[in-house]
Amino acid sequence: MISNKKYVSQFALMGTIISITLFENRPQVVFAIFRYLQRVEHQFSANNQQSELMQINQNAGHQPVMVSATVFNLIKYAVRFSRQHSNSFNIAVGPLVKLWHVGFADQHVPKDIEIKKRLQLVDINAIKLNETKKTIYLEYPGMELDLGAIAKGYFADQIGELLRDFKIKDAIIDLGGNVVTFGINRLVDNKLWQIGIQDPQQSRGVILGRVQSSACSAVTSGIGERNFNINGRFYHHIISPQTGYPLENDVTQVTIFSKSSLQGELLSTIAFFAGSVEGLQLIEAKKDAAAVFVTRTGEIKTTNNLDFEAIV
Ligand code: AMP
Ligand code: MG
C-alpha cells in the first residue's frame, strides 16, 4: 500500500553507498535493484579483472572480445557521443586516467613524456565495434575504455525501467551522488522534490543550495572530491583528451538536471569542459535540461529554467 511514510534502504556497492527510497514496503523491489547493480558491477567494473570492460581493455591490440548486449550498446552509444565531443567527453581517455590515478594511493604528476605517449592511445577511431558478432576491439596495445563518467547514469535509467516493471511510481534512487527522483514527493504539499547541491569546498553532504523540481535526474561532475595538491598546484580527475592534463578552467562543479540520467552524465562532462559561461549557454539552449555551476571562485550560476534556492 502506498503511504506518506518513506522506506529507505541502503547498501554498499560500486565503491559507494546506494540509497533507495520508496513509499511502500516492498523489500523484493529493493532486492531486485540490488541484484541488478551487482550484475552490472560485474559487467562494467574497472577494478574487477574479470569484468567484460576489463576483458576488452586487457585484449587491446590483441583480439576482439565478445560482450553482452548491455555492454555493447552502452559502449556503442558512448563511442558515438565521444566522436562528436572528442576534445572533451572521450571514453578512450582510460590510459591517461590510469596514469594520473587521481583518488588512488598511487596518484601522482606523471612525466610530460609519459603523458604525450599515452595521448597517442586516446583514439576514438581505433575502437572497432562489430554489431553482428557483438565484439569490441581496441586496436592498439595499452588502449583503455573508461566508462566512469557515464556508467552510473546508465544504471540509474535502467533502475527506472525496473521500477516501472514493479509498478512503483514514486521513488528516489541515489547512486552515491547520482540522484533520480520518480513520480511525486508524497511528504510535502506541493509534491515537488528537493535536491541538495553539494558544496564542493565542504565534506560530502554539506549543501550550498537546493533545487525544487518535479521528477528528474540530477548528476554532478566535480573536482571537489578527487584531487590533490603538489608544490602549490592543484590536480584532479577530469582529464583533457587534448592536453593529457587535468582540465584547467573556471569550473569546480556542474550539476545537470534532465529527464534521462545518461543524458545528464554526458551533458555534465561537456558542460564542465565548456566552462561556466559557454556551458551555461549550452545547457540553456536545451529545452530538456537545466544546470547549476559552481566556479573556482565560489560563484553559483544557474540556468533560467531552474527553481534554485541558495543557502546563505
Ligand atoms: P564524473 O564524476 O561523472 O564527472 O566522471 C569522472 C570520471 O570520468 C573520471 O573519474 C574518469 O574515470 C572519467 N573521465 C575523466 N576524464 C574524462 C574525459 N575527458 N572523458 C570521459 N571520461 C573522463
Ligand atoms: Mg558523469
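Which residues does Ser-213 touch, not counting residues up to four places away in sequence? I looked this up before anything else.

**Entry: ground rules**

I am working with a predicted model, where local features need pLDDT of at least 70, side-chain atom pairs count only at pLDDT 80 or more, and totals for chains, interfaces and linings use all residues. Residues are numbered from 1 along each chain as its sequence is written, chains are lettered from A and ligands numbered from 1 in the order in which they are written, and side-chain values use heavy atoms, with hydrogens and water left out.

**Entry: Ser-213**

I found that Ser-213 touches Leu-192 and Trp-193, with residues up to four places away in sequence not counted. Contact here means heavy atoms within 4.5 Å. I placed Ser-213 in strand S9, residues 207-213. Strands are DSSP runs of E with at least two residues, helices are runs of H or I with at least four, and the numbering starts from the N terminus. Ser-213 has a relative accessible area of 16%, so I noted it as buried. The cut-offs are under 20% relative accessible area for buried, over 50% for exposed, and partly exposed in between, with a 1.4 Å probe and protein chains only.

**Entry: the magnesium ion**

Next I asked which residues coordinate the magnesium ion (ligand 2). They are Ala-149, through O, and Glu-265, through OE, at 1.9 to 2.3 Å. The pair links distant parts of the chain, 116 residues apart. I located Ala-149 in the loop between strand S5 (135-138) and helix H6 (151-165), and Glu-265 in helix H7 (residues 261-284). Donors are N, O and S atoms within 2.8 Å of the metal, or 3.2 Å for Na, K and Ca; water is not among the atoms, so sites may look incomplete.

Are the two residues buried or exposed? Glu-265 counts as buried, because its relative accessibility is 5%. Ala-149 is partly exposed, with a relative accessible area of 31%.

**Entry: H3 against H7**

Two packed helices are described by the angle between their axes and the distance between the axes. I looked up helix H3 (residues 69-84) and H7, which pack at an angle of about 30 degrees with their axes 12 Å apart. That makes H3 roughly parallel to H7. Axes are lines fitted to C-alpha atoms, for helices over the stretch in contact, and angles run from 0 to 180 degrees between N-to-C directions. Angles under 35 degrees count as roughly parallel, over 145 as roughly antiparallel, 65 to 115 as roughly perpendicular and the rest as oblique.

From H3, Leu-74, Tyr-77 and Phe-81 meet Leu-262, Gln-263, Leu-266 and Ile-270 of H7. I sorted the residues of this contact into 6 nonpolar, 1 polar and no charged. Nonpolar covers Ala, Val, Leu, Ile, Met, Phe, Trp, Tyr, Cys and Pro, charged covers Asp, Glu, Lys and Arg, and the others, Gly among them, are polar.

**Entry: H1 against H6**

I then looked at helix H1 (residues 27-44) and H6, which pack at an angle of about 145 degrees, with 11 Å between their axes. The contact includes Val-29, Ala-32 and Ile-33 of H1, and Tyr-154, Phe-155 and Gln-158 of H6. Its residues divide into 12 nonpolar, 1 polar and no charged.

**Entry: two positive phi angles**

Which residue in the loop between strand S1 (7-13) and strand S2 (16-22) did I note? It is Met-14. Met-14 has a positive phi of about 55 degrees although it is not a glycine. Lys-134, also not a glycine, has a positive phi of about 55 degrees. I found Lys-134 in the loop between strand S4 (127-130) and S5. Lys-134 counts as partly exposed, at 23% relative accessibility.

Asn-59 sits in the loop between helix H2 (52-58) and strand S3 (65-66). Asn-59 is buried, with a relative accessible area of 12%. Leaving out residues up to four places away in sequence, I found Asn-59 touching Val-65 and Tyr-137. The C-alpha atoms of Asn-59 and Glu-144 are separated by 9.5 Å, with the two residues 85 apart along the chain.

Gln-10, in strand S1, counts as exposed at 56% relative accessibility. Not counting residues up to four places away in sequence, Gln-10 touches Ile-17, Ile-18 and Ser-19.

Ala-274 lies in helix H7 and is partly exposed, with a relative accessible area of 25%. Ala-274 and Asn-25 are 249 residues apart in sequence and 43 Å apart in space, C-alpha to C-alpha.
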